[in-house]
Amino acid sequence: MPFSTIATPQARPVANYKMATRMESGRLLYISGQVAWDASGAIIGKGDARAQARQVLQNMRGVLQAAGGDLGNLMKITTYITKIEDRPAVAEARNEVFPGELPASTLIVVKSLFHPDFLVEIEGIAVV
Amino acid sequence: MDRREVLAERPVERGRGFMPGISATPARVLFTAGLTGRGSDGKLVTGGMGPQTQRTFERLQAILGHAGARFDDVVKQVVYVTDYDAYNTVGRAARAKFFGDSRPASTGLVVRRLAEPDILVEVELVVDLAGSPQGEPLLEKYDVENHGGEFRQGVIVNGGRLVYLAGQVANEPDGAVSRPGDWRRQAEKVYENIGHVLRAAGASPASVVKETTWVLSIDAWRQHRGPVRRAFYDGDYPASTLVEIPGLANPDFLVEIEVIAAVA
């Protein structure tokens, strides 16, 4: 891989994500915060955080594939949710597409996203 | 410099001023601190979202200018607002004057509070700089204003390998949360964990390029962060952003800090 995974027994992740990643070669790709709309702008999964997270990850995969990569190229993701209660549903959707370990990861509960119907937004940094 | 748009904007993104993704070879990269609408006297400009957004981007322009960059070179922006309707009504238009037709990758968030209660918008940028890596120093940290804060307004990475840390929280190696409710102890523990991860990556506190600090209370954080950050950075501060949000992954976490570092 064009990036390496950093781990230390002195500070461990609190869930199934990488503690840090270091870019080694390639191009850096910054991916906008992805939300649960389809190509036409319709919101997928209104009121359903799991369905939204799946759409978000599908959109993210689309950006990665356009750059010649896939979800495995992600070094870091930040997940923004609007309600802490949605965390398990979002985690489930993420685990479906990251079978082992997530990239280096941050999860933040924000007041809201840029549309009242958005429940989850994920941005990413990848190397391609 | 070879900033590249990786995917045509989709119909839903048209007119919103950003692209789904931007790639670049990280030969020289500039990270800015989160900037707000403070005037040259350090006080927030009057007039609300429009003037604040205008002033925020004027200040970012000066930081870009110091590095020989323009808004066309921006790879990523994060826009933090406390009032989305005001941003949508007047902030977007103020921003658009600076970017013109150029569109970075972008994330927009509505947060609970920024550095001061009256601040409505804060913006940070990642910028692809022209030229080849200039060797030493690996990091060029600078200010374009006398702001008096314990951070730098811009940090240029000259050809290093970037290290992205997961958001660090106050957990012990066994996973337990360090002292729920104790701001000072959590501050110490978070920076201790950051130090461990940096060392494992071949980096150090001086290698930190950018930090984003997410807290449940800016007022409480400010009472405790000073000595802990001073001991950690020893005067060699990164660019930084401080944001108050309603929650983190675990209700016992008071603070979470994300760090980007660089090693040769």
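How far apart are the mean positions of the positive and negative charges of chain A? Hi everyone, let's start there: the 13 positive and 12 negative charges have mean positions 5 Å apart. Lys and Arg count as positive, Asp and Glu as negative, with His and the chain ends not counted; each charge is placed at NZ of Lys, CZ of Arg, CG of Asp or CD of Glu.

A word on the ground rules. This is a predicted model, where local features need pLDDT of at least 70, side-chain atom pairs count only at pLDDT 80 or more, and totals for chains, interfaces and linings use all residues. Residues are numbered from 1 along each chain as its sequence is written, chains are lettered from A and ligands numbered from 1 in the order written, and side-chain values use heavy atoms, leaving out hydrogens and water.

Now, the fold of chain A. Running from the N terminus, its elements go β-β-β-α-β-α-β-β (DSSP runs: helices are H or I, at least four residues; strands are E, at least two). The radius of gyration of chain A is 14 Å, close to the 14 Å from the globule rule for 128 residues, so chain A is as compact as a globular protein of that length. That radius is over C-alpha atoms, and the rule is 2.2 Å times the number of residues to the power 0.38. Of those 128 residues, 57% count as buried, meaning under 20% relative accessible area with a 1.4 Å probe, protein chains only.

Over to chain B: Gly154(B) sits in strand β8, residues 154–158. At 0% relative accessibility, Gly154(B) is buried. Its contacts (heavy atoms within 4.5 Å) include Leu30(B), Ile63(B) and Tyr142(B). Thanks, everyone!

Technical notes:
Buried < 20%, exposed > 50% of the residue type's maximum accessible area, 1.4 Å probe, protein only. Lists of a residue's contacts leave out its neighbours within four places in sequence.
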